[in-house]
Amino acid sequence: MLNNIQEMASMFQPISLSEMDSVQLQSRIDSKFYFRIEKLGEILKQLLPYYRLLEVNGTSVQRYTSCYFDTDNFMLYKQHHNSIGNRFKIRFRNYIDSRLCYLEIKFKNNKGRTVKHRLKTSEMKLDKTAENFITDKTSFNPDLFHNKLTVNYSRLTFVNIKDCERVTLDLFLSYEIDNSKVDFSTLVIAEVKQDLANLDSPFIKIMLGQNINEGGISKYCLGIASLYTKVKLNLFKENINHIKKLIS
């Protein structure tokens, strides 16, 4: 499967990390979709006229590892579950092929706009500098936060040729914490990142043409709901059940 994806990816005009500076979209509007990986080939063919594809060190399929932090009572997860406005995610992300590591804090305001702050680090560890960054960007006590989830996946990152839009397709997704692990390798999670809401997006039109509707559950919340048996998931049940049926 990976070889086929790499072959299809090679058809796209590449874009480098430095060229992507103009579309970093650290403040943006996000939309999420998910579908089975068998649909990926046809979707990539339809994307070809509209997007360039990020290439780093000669590869277009980028590997990522993210470690998400939360409190022992899952305060951040609960904020997402309850659709609280002005909520956060805190994570370390290792961009394996780029050889970069960042502490990333994502803030979603009550108008649906996401703002991301990043601190370059040498390792995924809450040292004093990282703790000060958390305090500065969130006002939370960093001592309350612990690694609750590790996520491994590969990503295709597309940049709209004409408009300020990026599309990410996350593949071969797996979650783990301690001795527990769950695999979603047949699922593709897509996220559209736009500067303005309702931007005329070729990707969204392709999704609708494939009868794939927008679905709202983050990778973090899916992982927590899948690995922790006692967390609240009432408002995620519809999406989780749909995903389970989709990949069964």
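Here is a short chat about salt bridges in this predicted model.

Me: Why are Glu 191 and Lys 32 called a salt bridge?
Reply: The N to O distance between their side chains is 3.9 Å. The cut-off is within 4 Å, so the pair qualifies.

Me: What does that pair tie together?
Reply: Glu 191 sits in strand S11 (residues 187–194) and Lys 32 in strand S2 (residues 27–36), so the bridge joins parts that are 159 residues apart in sequence.

Me: How do you know whether Glu 191 and Lys 32 are buried or exposed?
Reply: Check relative accessibility: Glu 191 has 6% and Lys 32 has 18%. Buried means under 20%, so both labels come out as buried.

Me: What makes Lys 193 part of a network with Glu 191?
Reply: Glu 191 also meets the side chain of Lys 193 in a salt bridge, at 3.5 Å, N to O. That links Lys 32, Glu 191 and Lys 193 in a network. Lys 193 is buried too, like Glu 191.

Me: And why do Asp 97 and Arg 63 count as a salt bridge?
Reply: Their closest N and O atoms are 3.0 Å apart, and the rule asks for within 4 Å, so they pass. Asp 97 is in the loop between strand S5 (87–95) and strand S6 (100–108), while Arg 63 belongs to strand S4 (residues 62–70), 34 residues apart.

Me: Why is Arg 63 called partly exposed?
Reply: Its relative accessibility is 43%. Buried needs under 20% and exposed needs over 50%, so the in-between label applies. Asp 97, at 11%, is buried.

Me: How many salt bridges does the rule give?
Reply: The count is 12.

Key
Residues are numbered from 1 along each chain as its sequence is written. This is a predicted model: local features need pLDDT of at least 70, side-chain atom pairs count only at pLDDT 80 or more; totals for chains, interfaces and linings use all residues. Side-chain values use heavy atoms; hydrogens and water are left out. Helices (H or I, at least four residues) and strands (E, at least two) are DSSP runs, numbered from the N terminus. Buried means under 20% relative accessible area, exposed over 50%, partly exposed in between (1.4 Å probe, protein chains only).
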